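Please examine the model displayed below before reading on. The paragraphs that follow lead from a single side chain to the arrangement of the helices.

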Amino acid sequence: MLNTGIAQAPWQSILGLAILGLSAVIAGWYDGRYRRIPNWLCAATALAGLAFGLWSVGFPVIISNALHLFAALLGGMILFRVGAFGGGDAKYYAAIAAWFGLGKAILLLLCVALSGLVLLIIWFSYRRLAGYQIRKRAGTGLDGLPYGIAIGSGAIITMMSTFSLV
């Protein structure tokens, strides 16, 4: 169950994890294949997170989740503006934030950052083994890091870490 202090059936936690997992897989595939995360997926993920919070725990959760979504979107857009983050990544991270209240913001950020570090190591190792040179080659798909994979992975880890065994 999600450790929210409010009783929740185990199947609700599994359903939430399945929905979030599906979003992560779709985002990872799109970002890995096309280097973009569709707006429809970001919107659907955000709405699903808010709806799931309302359905499984109740109205007070939605306020915290919505504040987390808007704070993450603001931070992501600032990072996008200075060129440190892609626009799709910023929107998808904010959509994922809708699944977690402000109390889980640091945990989500940490899980996504650590997932990003693992992705970076794997990505550069793969590029090295594939003989990819530092110069850009149009159309190879190895130029940009598909950070949507790290965002989705971090979200799943965060959700699984909130399950209580009691």
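A polar atom in the side chain of threonine 158 lies 2.7 Å from the backbone oxygen of glycine 154. The model in which this distance is found is a predicted one. Threonine 158 belongs to helix α6, which covers residues 148-161. Is threonine 158 buried or exposed? Its relative accessibility is 0%, and because a residue under 20% counts as buried, threonine 158 is classed as buried. When residues up to four places away in sequence are not counted, threonine 158 touches Phe100, Leu107, Leu108 and Cys111.

The view may now be widened to the chain. The chain contains six helices and zero strands, and its pattern along the sequence reads α-α-α-α-α-α. Of the 166 residues in the chain, 42% are buried. Contacts may also be sorted by separation in sequence. Among contacts between residues at least 6 apart in sequence, 70% join residues that are at least 24 apart.

How many of the eleven residues of α4 are buried? Ten of them are, and α4 is therefore largely enclosed by the rest of the structure. The buried residues are Gly87, Gly88, Asp89, Ala90, Tyr92, Tyr93, Ala94, Ala95, Ile96 and Ala97. What covers these buried residues includes α1 (10-34), α2 (39-56), α3, α5 (105-129) and α6.

The packing of helices can be described in simple terms. Two packed helices are characterised by the angle between their axes and by the distance between those axes. Helix α3 (residues 59-81) packs against helix α4 (residues 87-97) at an angle of about 165°, and the two axes are 7 Å apart. Because an angle over 145 degrees counts as roughly antiparallel, α3 is roughly antiparallel to α4. From α3, the contact is made by Asn65, His68, Leu69, Ala72, Leu73, Gly76, Met77 and Phe80; from α4, by Gly87, Ala90, Lys91, Tyr93, Ala94 and Ala97. By class, the residues of this contact comprise nine nonpolar, four polar and one charged. The crossing of α3 and α4 is right-handed.

The axes of α1 and α2 cross at roughly 170° and come within 11 Å. The two helices are therefore roughly antiparallel to each other. On the α1 side, the contact is made by Trp11, Gln12, Leu15, Gly16, Ile19, Ser23, Ile26, Ala27 and Tyr30, and on the α2 side by Trp40, Leu41, Thr45, Ala48, Phe52, Trp55 and Ser56. Eleven nonpolar and five polar residues form the contact of α1 with α2, with no charged residues.

Tyrosine 30 has a relative accessible area of 22% and is partly exposed. Which residues does tyrosine 30 contact, leaving aside its neighbours within four places in sequence? They are Arg35, Arg36, Pro38 and Trp40. The C-alpha atom of tyrosine 30 is also separated by 9.3 Å from that of isoleucine 149, although the two residues are 119 residues apart along the chain.

Technical notes: Residues numbered from 1 in each chain as written. Predicted model: local features only at pLDDT ≥ 70, side-chain atom pairs only at ≥ 80, totals over all residues. Heavy atoms only, no water. Axes fitted to C-alpha atoms, helices over the stretch in contact; angles between N-to-C directions. Helix = DSSP H or I, 4+ residues; strand = E, 2+ residues; numbered from the N terminus. Parallel < 35°, antiparallel > 145°, perpendicular 65-115°, else oblique. Left-handed = near helix turned anticlockwise from the far one by under 90°. Contact = heavy atoms within 4.5 Å. Nonpolar A, V, L, I, M, F, W, Y, C, P; charged D, E, K, R; others polar. Buried < 20%, exposed > 50% of the residue type's maximum accessible area, 1.4 Å probe, protein only. Polar contact = N/O pair within 3.5 Å; in protein donor to acceptor, adjacent residues only side chain to side chain.
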